[in-house]
Amino acid sequence: MISFAGGLPAPELFPVREIEEACHYLLREEPKKALQYSTTEGYHPLREFLADSMAKYGIQHAAENILITTGSQQGLDLLGKVFIDPRTPILTGEPTYLGAIQALRAYGADFMTVPLDEDGMQVDRIEAVLEKEGMPRLLYVLPNFHNPAGTTLPEERRRQLVKIARKHDLIIVEDDPYGSLRYEEEDIIPITALAPERTIYLGTFSKTLAPGLRIGWVVAPVEIIQRLVQAKQGADLHSSTFTQMIANDVAQRGILKAHIRQIRKVYSERRDTMLDALTECWPNGCCWTRPQGGLFLWAQVPEAINTVDLMKVALAKKVAYVPGVNFYPKADGGFNAMRLNFSNAIPERIVEGVRRLGEALKEALL
Ligand SMILES: Cc1ncc(COP(=O)(O)O)c(C=O)c1O
């Protein structure tokens, strides 16, 4: 089976030896701290490291503005716990991250949506939605290398979004697991740097280091951090002291930076391989995004094809993807779309998988 379905980093690139060294070092030098309970806010040196490293992107928050979470998925869950009651409206682009739909819906969120285009969320359509449907509690945005769409929100749209949020006094949630996995062009200023007073930023080591460590973080105004800390106390007291210290050790020793350089190179080659293979092997009438970073692209096939039905044919040919409808909060779109991951297979398997999907599409069009 060749799977383009998950959002998994390439396991053969995990910095195993460096993490092993960090484990030995911590158990030898700081075992009483590494294996003990710790504060809900998170390991202070790691919070300081994150504050410093985000300053390079223009984010001017201090360690006090950072809460370490058990993956950024927990950040989404805590936002649900603190901000969402049954029927609370959330505004998001569509398609949107499936895990956010799941986390927020569990607390009863309703979704208001605006469509995406090749530059991400169509921010100029937000006000019309607000006028028609009322004010949402949160604006949930994926500005960099969107999951699932692969799009990036240009600076102009980020500024426009901030303007709208300020005008209507709305809180923005900026979910950014992929921001440092950029393969071309320049970084774009994060929304939280433009509107630190009203943005809740979510980051994670899952895509840049290893998801098994389960270390993410929330950056927000202190009043919001305090409410999230209370919610987190009830959930898990704190995230693993040991893996926070491992992440901190690996980051402080410069290994994270070197590792990100390496995965950027490998993933950008895999992205190019997938784009070339799509051009070569897929029938006319299909199109796809060309992501500047991240792990995914979004492909659209002729409208006659439903990608949920196509999945049976694809699985018979031993290739998998995620059908587009899963990323629509109201399940009312994406029927002829699919999300393809390019980080988790070597180039030969990417070419072969895209070829098999091309065959499935051609058969479906007969
Ligand atoms: C947009 C987005 N947010 C959050 C997450 C959750 O990541 P984690 O909990 O591993 O940090 C993911 C994982 O794929 C994601 O794509």
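Select strand 11 and strand 14: the two run antiparallel and are joined by 5 bridges. The model is a predicted one. To find one point of this pairing, pick Phe-296, which has Asn-341 of strand 14 opposite.

Strand 14 covers residues 337-341, and because 5 of its 5 residues are buried, the strand is largely enclosed by the rest of the structure. Now show its side chains. Ala-337, Arg-339 and Asn-341 point one way, while Met-338 and Leu-340 point the other way, and all are buried.

Strand 13 pairs with strand 14 in the antiparallel sense, over 2 bridges.

Cysteines come next. How many disulfides does a search of the whole structure find? The search finds 0. Select Cys-281 and Cys-286 to check one case. The closest cysteine sulfur to that of Cys-281 is in Cys-286, 11 Å away, which is too far for a bond, since a disulfide needs the sulfur atoms within 2.5 Å.

Is Cys-281 buried or exposed? Cys-281 has a relative accessible area of 14%, so it counts as buried, the cut-off being under 20%. Select Cys-23 for contrast: at 21% relative accessibility, this residue counts as partly exposed.

The last stop is a helix pair. Select helix 6 (residues 126-133) and helix 7 (residues 155-168), which pack with their axes 11 Å apart at an angle of about 30°. Helix 6 is therefore roughly parallel to helix 7, as angles under 35 degrees count as roughly parallel.

Then show the side chains where these helices touch. From helix 6, select Ile-126, Glu-127 and Leu-130; in helix 7 they meet Leu-161, Ile-164, Lys-167 and His-168. Coloured by class, the contact of helix 6 with helix 7 shows 4 nonpolar, 1 polar and 2 charged residues.

Methods. Residues numbered from 1 in each chain as written. Predicted model: local features only at pLDDT ≥ 70, side-chain atom pairs only at ≥ 80, totals over all residues. Heavy atoms only, no water. Buried < 20%, exposed > 50% of the residue type's maximum accessible area, 1.4 Å probe, protein only. Helix = DSSP H or I, 4+ residues; strand = E, 2+ residues; numbered from the N terminus. Pairing = 2+ DSSP bridges. Axes fitted to C-alpha atoms, helices over the stretch in contact; angles between N-to-C directions. Parallel < 35°, antiparallel > 145°, perpendicular 65-115°, else oblique. Contact = heavy atoms within 4.5 Å. Nonpolar A, V, L, I, M, F, W, Y, C, P; charged D, E, K, R; others polar.
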